Amino acid sequence: MLYTEKVMDHFNNPRNVGVIDDADGVGEVGNPVCGDVMKITIKVDNDRITDLKFQTLGCGAAIATSSIVTEMAKGMTLEEAVAITKRQVADELGGLPAAKMHCSVLATDGLKVAVDDYLKKHGRAPIAGEILSEDPNFDPHAEEAEQAVAAETCHLHE
Ligand code: FES
């Protein structure tokens with residue numbers, strides 16, 4: 001299993017680690033399969049995320065994806081932040097091994113929960129939509145299986 005240099009950089013030197021004490025929104029999520037957990041705190045000004053910090057108790061991919069998502073979301077509007085997909089997070093890191101794609105769900109879900117927490121505290125409707133890690137039907141290995149089938153298919157056609 002190979003990690004890109006960027007994944008290793010964000011794993012070894014994670015950005016924006018910690019907790020914002022006077023956070024405007026807090027998101028805490030757990031991966032139902034492996035039990036890894038992530039907490040993200042955000043500051044919001046005029047519906048734009050001005051600061052984020054995270055704490056992730058998890059694998060290297062979970063730490064790297066949490067770190068990069070804080071960099072991606074800083075300065076975004078709330079709508080833009082909740083639209084970040086796990087695929088975009090992986091792409092920003094130069095890719096993740098198929099078996100680790102599900103780890104990036106923690107980062108995007110944590111951010112979504114934090115945004116909705118902010119909106120809820122202000123009496124506003126949630127915008128994050130589906131929180132994958134809370135979905136009882138979420139299969140973190142579905143993508144891995146899909147990619148394995150695709151790889152096998154390619155191989156058969158060589
Ligand atoms: S193995 Fe749990 S998030 Fe990566």
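This is a predicted model: local features need pLDDT of at least 70, side-chain atom pairs count only at pLDDT 80 or more; totals for chains, interfaces and linings use all residues.
Biologist: Is H2 largely enclosed or left open, and what makes you say which?

Modeller: Largely enclosed by the rest of the structure, because 11 of its 14 residues are buried. Among them are Ala-61, Ile-63, Ile-68, Val-69 and Ala-73.

Biologist: What covers the buried residues of H2?

Modeller: The cover includes helix H1 (5-12), E2, E3, H3, H4 and H5. After H2 comes Gly-75, with a positive phi near 95°.

Biologist: Why is Gly-25 called buried?

Modeller: The cut-off is 20 or more other C-beta atoms within 10 Å. Gly-25 has 24 such neighbours, so it counts as buried.

Biologist: Where does Gly-25 lie, and what does it touch?

Modeller: Gly-25 sits in strand E1. Leaving out residues up to four places away in sequence, it touches Ile-42, Val-44, Ala-114, Val-115, Asp-117 and Tyr-118. Gly-25 and Leu-111 are 86 residues apart in sequence, yet 9.2 Å apart in space, C-alpha to C-alpha.

Biologist: What makes the side chains of E1 alternate?

Modeller: The pattern of faces along residues 25-30. Gly-25, Gly-27 and Val-29 point to one face and are buried.

Biologist: What lies between E1 and E2 in the hairpin?

Modeller: Six residues. Gly-35 in that turn has a positive phi of about 85°.

Biologist: Which residues touch the most other members of the largest nonpolar core?

Modeller: Ala-81, Leu-111 and Val-115, out of 37 residues in that core. E2, E3 (48-57), H2 (60-73), H3 (78-82), H4 (86-92) and H5 (104-121) each supply at least two residues. H5 gives the largest share, nine residues. In soluble globular proteins, nonpolar side chains tend to be buried together.

Biologist: What does Val-115 touch?

Modeller: Gly-25, Leu-78, Ala-81, Val-82, Ile-127 and Ala-128, again leaving out residues up to four places away in sequence. A contact here requires C-beta atoms within 7 Å.

Biologist: What share of the contacts in the protein chain joins residues 24 or more positions apart?

Modeller: 64% of the contacts with a separation of 6 or more. Of the 158 residues, 38% count as buried. The chain has six helices and three strands. From the N terminus the order is α-β-β-β-α-α-α-α-α.

Biologist: Where is confidence lowest, and where highest?

Modeller: Lowest in H6 (residues 142-156), at a mean pLDDT of 51, and highest in H3, at 98. Over residues 150-158 the pLDDT is below 50. Beyond near neighbours in sequence, that stretch has zero contacts in the model. The protein chain averages 88, and 85% of the residues score at least 70.

Definitions and conventions. Residues are numbered from 1 along each chain as its sequence is written. A residue is buried if 20 or more other C-beta atoms lie within 10 Å of its own, exposed if 12 or fewer, and partly exposed in between; C-beta atoms are placed from the backbone. Helices (H or I, at least four residues) and strands (E, at least two) are DSSP runs, numbered from the N terminus. Two strands pair if DSSP finds at least two bridges between them. A nonpolar core is a set of buried Ala, Val, Leu, Ile, Met, Phe, Trp, Tyr and Cys residues joined through C-beta atoms within 7 Å. Two residues are in contact if their C-beta atoms, placed from the backbone, lie within 7 Å. pLDDT is the predictor's confidence in each residue, from 0 to 100.
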